[in-house]
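Here are my notes on the model you passed along. Have a look at it first, then read on.

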Amino acid sequence: MNQLYQKYATEIDEIFSRYPADQKNSAVMPLLFVAQREKGYVPADALPQIAELTGVSETDITAVMGFYTLFHEQPAGRYRIQVCTDLPCALRGAEQYLQDLCAALGVSEGGTTSDGLFTVEAVKCLAACHRAPVFQLQGDGEIKYYEKQSVELTLQVAAGLRELHSREGSSING
Amino acid sequence: MDKHILLRHRDIVGIEKLDIYCGVGGFASFEKAIRTMQPQDVTAEVKNSGLRGRGGAGFPTGVKWGFLPNNIWPHYVVANADESEPGTFKDREIMESNPFQFLEGLMLASYAVQAATAYIYLRGEFWELAAFLNQKIKDLEAAKLLGDNILGSKYSLRIFTHLGAGAYICGEETALLESIEGKLGQPRLRPPFPAVEGLYGKPTLINNVETLTNLPPILQNGADWYRTLGTEQSPGVKIFCLSGCVKQPGNYELPLGVTYRELIYTYGGGILENRAIKAVMSAGASSDIVVADDHALDTPLAYETCMERLNSPLGSASVIVLDESVNMAWLVDKTVNFFKHESCGKCTPCREGTFWMNRLTDHIVKGEAKASDIDLLRHEAVQMQGRCLCALGEFSTMAVVSAVDRFRPDFEKHVRS
């Protein structure tokens, strides 16, 4: 039995209901998002399961996963702080902000904090150019925008998440 | 303008709620259309309004609708909400704050081409927005404005959201269709065009979010009213995304034909720290870099005037303002790096061209290049032009050629003599 389906049957049925019955291939990307939710990356054993559900080959699903930047094949911090450094944001100090944020969190760009909670990355345009600096927080299956940022504001967001996890006493390494 | 036509949430508090939207005339256009108008009458009204596609291409919307053949079914409609061009952030505000006007527009377009299913393709980063729209769609279903036999008519329609996952190229409409089909977002060869062979091989209409949001007021007030706004060849209003070195960046809904000067100084409050303006880009990172002299600043922002006066398309009207502190070699390194990252890899000129251009710009800004590398960079860009599979490859060369031609000293500063 398909473990992914067993776990998310209702949600997966709803996903398939959006597309024509003979176009199960359209569910590949929605299912990759589902598979990625728990660990922040798509575990290798999810691929044959998505292949079974959609009829798309594992090879093609792997290609899709590699093509789109929001899918991750490797584990990283529980939360990815993804800062836009494209032209309009860079004109408003986003590169300096990213550099200072990395220093404040004690990581290099692309690196992960020692507690395993945060990976800080530069990303391409997020369509929030008028509210730079901006980052999106990808984690726990969600993506949220934080706009008009300063290093201080972002550290407050990070502190809030740290507190949440220390209170829950949850495993933070997935 | 006193009252907004598209960004109506700035005038009406709570318009993101269905009852409030309906209370200010919401869904009157859609109801009028399905009760009293034939689908082709809706298309005719939009054609007469002169509305042009707001995603960047500026193609006449009603004409595009007319391309769908009536002997192949089903038809699909897709709203392009992949907004990913650096400098563009208008569709997000529309969907977040005035969602029902956008949805009503999508419903009108769907009725006009008799589609029973419509998809909203949102970039994956708009994850929260997709959840928000899903709720709005549920509200419409509960109000019987979506579903089977809407308001007792023969017309039935379902709308679904579909999330991308981080790929600029999916804003290109055939790449977008590939992505909905669960494939790599790589453009298709054309013809066949999506209007004939689109999603799942069926006739498909793809319109930008802002384009669709124009439809309810056009159907409500008529094509003649719409033509009283804007210019003769560019009727109506446009949301100008203003970003970069300007005091008040943001979205400004204005009639087409407003000048750069008015947009930047009257609405945008002028240049940061009152520095001198150096250049403008009108279509985000895909633009030429236009020297901001008086001739440019007095150019009306409309589809025809930008071409006639500046030989530079208006595109999505995402105006990035550049002041005297901006070095154009640095800028080009930024835009080229963006396009290298976002090249889908399908066609060689774009895949290889953006790679080599970025290598050269990287060398230039690091001070490792020779003077001849500036010419090599320009040559590389020109070689790509006219040879890429889709427009996006072409876009990557615009800033390069115009910057080298118009701001060569900015490059020479970096190179070894």
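1. Which residues of α2(A) meet which residues of α3(A)? On the α2(A) side they are A:V28, A:L31, A:L32 and A:A35, and they meet A:A46, A:I50, A:L53 and A:T54 of α3(A) (contact: C-beta atoms, placed from the backbone, within 7 Å). By class that contact has seven nonpolar, one polar and no charged residues (Ala, Val, Leu, Ile, Met, Phe, Trp, Tyr, Cys and Pro count as nonpolar, Asp, Glu, Lys and Arg as charged, the others, Gly among them, as polar).

2. Some housekeeping: this is a predicted model, where local features need pLDDT of at least 70 and side-chain atom pairs pLDDT 80 or more, while totals for chains, interfaces and linings use all residues. Residues are numbered from 1 along each chain as its sequence is written, and chains are lettered from A and ligands numbered from 1 in the order in which they are written.

3. Helices α2 (28-36) and α3 (46-54) of chain A pack at about 145°, axes 10 Å apart (helices are DSSP runs of H or I, at least four residues, and strands of E, at least two, numbered from the N terminus; axes are fitted to C-alpha atoms, for helices over the stretch in contact, with angles from 0 to 180 degrees between N-to-C directions).

4. Chain A also has an open, mixed sheet of four strands, ordered β2-β1-β3-β4 (pairing takes at least two DSSP bridges). Its edges are β2 (118-123) and β4 (142-146), and the twist averages 25° from one strand to the next. Antiparallel β1 and β3 share four bridges, with A:V83 partnering A:F135.

5. In chain B, five strands form an open sheet, β6-β5-β9-β7-β8, again with mixed pairing. Edge strands β6 (250-255) and β8 (290-291) each have a single partner, so one side of each lacks a neighbour in the sheet.

Definitions and conventions
Contact = placed C-beta atoms within 7 Å.
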